[in-house]
Every structure is written in structure tokens, then in C-alpha cells.
Amino acid sequence: MFSYRHAFHAGNHADVLKHTVLIATLEHLLEKPTPITVVDTHAGAGLYRLDGDYAGTSGEAADGVLRLLGPAAEGAPEQPLPPALARYLEVVRSFNRGGQARVYPGSPFITHHLLRDEDKLKLYELHPTDARTLDANIAQLDAGRQIAVLREDGFGSATKFLPPPSRRALVLVDPSYELKTDYGRTAAFVGEAVKRFATGVYAVWYPIIPRPEAHDLPRRLKTLANKAGKPWLHATLTVKSSKITTNAEGETRRPGLPASGMFLINPPYTLAEQLRPALARLAEVLAQDRHAAFTVEAGG
Ligand code: SAM
């Protein structure tokens with residue numbers, strides 16, 4: 001356990017999908033004046049250097065957010081960026097005044113950037129080093145009691161915040177899935193949370209990889225939403241084939257993360273139509289081979 005460090009992956013295609021959905025969802029919730037609580041069950045370090053050792057080693061942002069910040073994403077002037085994508089890039093750029101993208105905001109910083117003073121943010125992070133970094137990063141925001149950082153298991157006690165006094169909440173569940181049990185724990189956590197607070201908005205990120213638990217998770221979440229009589233939305237983004245290949249020397253090459261998905265329960269009713277053009281553009285700009293694709297499905 002605990003070999004996963006999000007710093008290696010910050011700004012990759014999965015973060016682009018997750019954070020585009022997060023921003024569109026949050027902005028919809030923020031249209032109403034009643035305060036909201038955001039619970040981020042797996043917060044990470046909060047803020048990442050794109051020119052630091054971690055991101056430099058893996059280079060994942062180069063095939064993610066950095067492609068989008070380049071001219072290729074802008075398209076022709078008559079083909080403007082879809083609004084949800086434009087908004088995502090605007091938020092990333094707001095952390096990078098002066099041109100070059102040096103910093104990538106994780107979900108805690110993106111969320112805090114959008115929240116109003118009356119809203120609350122609860123952050124769970126269990127990795128000792130990332131929890132320390134998160135604490136230090138959050139301290140710089142001087143947000144006082146608006147933000148709570150908990151060095152606890154996000155699957156453990158996060159339901160205690162549900163429902164919040166204002167009865168409006170977004171729960172982001174974004175585990176590393178380092179442990180096979182994370183898939184089952186995610187489904188159980190969301191099931192318990194929906195039981196306690198059926199009108200909350202739940203957003204789960206998951207990797208699309210050749211492993212049965214990964215394929216089962218969105219199915220389990222869909223069943224859960226349908227049984228609770230709640231609307232859902234399922235969006236996926238694929239950037240390359242998941243096939244393991246062998247080179248001329250007979251060495252096998254694993255493709256790295258080829259695709260990921262976001263599953264939401266009680267999504268904003270406008271989200272599907274906002275995401276379709278945004279994900280279509282992402283599938284074009286972030287494509288690593290001809291298998292790049294996207295899906296947006298909604299039901300309930
Ligand atoms: N949500 C972050 C973002 O979008 O910027 C990224 C989170 S990263 C994918 C997952 C994080 O969960 C890692 O930092 C990992 O250390 C942490 N983690 C793993 N198991 C956990 C648990 N049971 N409770 C809380 N955090 C956990």
C-alpha cells in the first residue's frame with residue numbers, strides 16, 4: 001500500500017476528464033445561493049509542480065493538460081472550445097499567471113477556487129507525505145474553518161458529514177485503486193452515503209483497465225442509482241488501446257492507463273449536453289492512437 005503518488009499523474013488525461021466534470025458539476029451547484037459542502041474522500045496533495053521531479057519523470061501531463069494548453073486544442077477560430085473545456089482551462093490557467101504552465105491544481109484547489117466563503121470543504125488524505133503536503137498547501141490559502149483536512153480513511157468516516165446542515169453536498173470519490181479492494185469499498189461507500197443522503201451529488205472516478213473489478217464498478221453504481229430511483233450519468237474518455245504489445249526484441253509493453261470514467265449520481269440535468277462536445281474535443285486532442293473515443297450515457 002501507499003506506493004501511489006498522484007504527483008506522477010497530475011494533469012494526465014484522467015485528471016483532465018475528472019476535473020472538467022468536477023468544475024461543470026460544481027458550477028451548476030453554485031448557481032443556487034444555499035451553501036454547499038464538498039467532501040473529497042481522496043484529496044491527494046492539492047497542488048502539483050509540472051516542472052518538478054515527479055511530473056517530469058512520468059511526463060503524463062505532456063499528453064494531458066499540456067496538449068490542451070497548446071495551440072492544437074484551440075482549433076480553428078470558427079471552432080471555439082466547448083464551454084466546459086474552456087472553463088476547465090480557464091481554471092488551470094488561473095493558477096499559472098504569466099504564460100507557462102508550471103503548476104497543476106488538484107481537486108482540493110480547484111474546488112476551493114470555485115467555492116464561496118459560506119461553502120465548506122472536507123478533505124481526506126491518508127498517505128503520510130501527501131497529507132503533510134496537503135496540510136501545508138491548504139494552510140497557505142488561509143481559509144480557516146472553511147476547509148478541514150482529515151488524515152483518515154476517506155471510506156471510513158466521510159459519511160458523517162452527510163447530510164450537511166444546508167442539505168446540499170457534492171461528494172468526490174477518487175481513490176488510487178492501488179488495492180483491488182478499493183473498487184468494492186467505493187461501491188459500498190457510495191451505497192451507504194446515498195442511504196444517508198439520497199439527494200447528494202456523488203461523483204466517482206475509476207480507471208478503465210482490463211480487470212473485472214474495474215468493469216464491474218460502473219455497473220454496480222448504475223444498479224445502486226436505479227434501485228434508489230436516482231438519475232445517473234456515466235462519461236468515459238479513451239486515449240489509446242489497452243492492448244499489451246510486444247516489440248521486435250520480444251519485450252512486452254504495457255500501455256499505461258488507456259481510459260477512465262466518471263460516474264455521477266444526481267448529476268446536474270445539463271451535464272450530459274455540456275460534456276458531449278467537451279469530450280468529443282478531448283478525444284481528438286488527447287488521442288494517442290486510433291482507439292481514442294468517448295461516451296456519455298445518462299439514465300434514471
Ligand atoms: N482527488 C485528487 C485530485 O483530483 O487532485 C487525486 C487523488 S489520488 C487519485 C488518490 C489519493 O488517495 C492519493 O493521494 C492516495 O494517497 C489517497 N488515498 C489512498 N487510499 C486512501 C484512503 N483510504 N483514504 C484517503 N485517502 C487515500
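Q: Which backbone atom is 2.8 Å from a nitrogen atom of the ligand?
A: A polar backbone atom of histidine 42. This is a predicted model: local features need pLDDT of at least 70, side-chain atom pairs count only at pLDDT 80 or more, and totals for chains, interfaces and linings use all residues. Residues are numbered from 1 along each chain as its sequence is written, and side-chain values use heavy atoms, with hydrogens and water left out.

Q: What about side chains, say glutamate 125 and aspartate 153?
A: Glutamate 125 puts a polar side-chain atom 2.7 Å from a ligand oxygen atom. For aspartate 153, a polar side-chain atom lies 2.8 Å from a ligand nitrogen atom.

Q: How much of the ligand's accessible area does the protein cover?
A: The protein covers 98% of the 600 Å² that the ligand has on its own. Accessible areas come from the Shrake-Rupley method with a 1.4 Å probe; for residues, only the protein chains shown count as cover.

Q: Which residues come nearest to the ligand?
A: His19, His42, Glu125, Asp153 and Asp174, out of 22 around it. Being near means that a heavy atom of the residue lies within 4 Å.

Q: And how does that shell divide by class?
A: Five nonpolar, 10 polar and seven charged. Ala, Val, Leu, Ile, Met, Phe, Trp, Tyr, Cys and Pro count as nonpolar, Asp, Glu, Lys and Arg as charged, and the others, Gly among them, as polar.

Q: New topic. Why is helix α6 largely enclosed?
A: Seven of its eight residues (107-114) are buried, so the rest of the structure largely encloses α6. Buried means under 20% relative accessible area (1.4 Å probe, protein chains only). Helices are DSSP runs of H or I, at least four residues; strands are runs of E, at least two, and both are numbered from the N terminus.

Q: Which ones are buried in α6?
A: Ser107, Pro108, Phe109, Ile110, Thr111, His112 and Leu114.

Q: Where is the cis peptide bond?
A: From leucine 162 to proline 163, with omega near -15°. Proline 163 is in the loop between α8 (154-157) and β6 (169-173).

Q: What is the phi of arginine 167?
A: Positive, about 60°, although arginine 167 is not a glycine. Arginine 167 is found in the loop between α8 and β6. Most residues other than glycine have a negative phi, and most peptide bonds are trans.

Q: And asparagine 266, buried or exposed?
A: Buried, at 13% relative accessibility. Asparagine 266 has a positive phi of about 60°. Its place is the loop between β11 (259-265) and α11 (271-285).

Methods:
A polar contact is a pair of N or O atoms within 3.5 Å; within protein, one must be able to donate a hydrogen and the other to accept it, and residues adjacent in sequence count only if both atoms are side-chain atoms. Buried means under 20% relative accessible area, exposed over 50%, partly exposed in between (1.4 Å probe, protein chains only).
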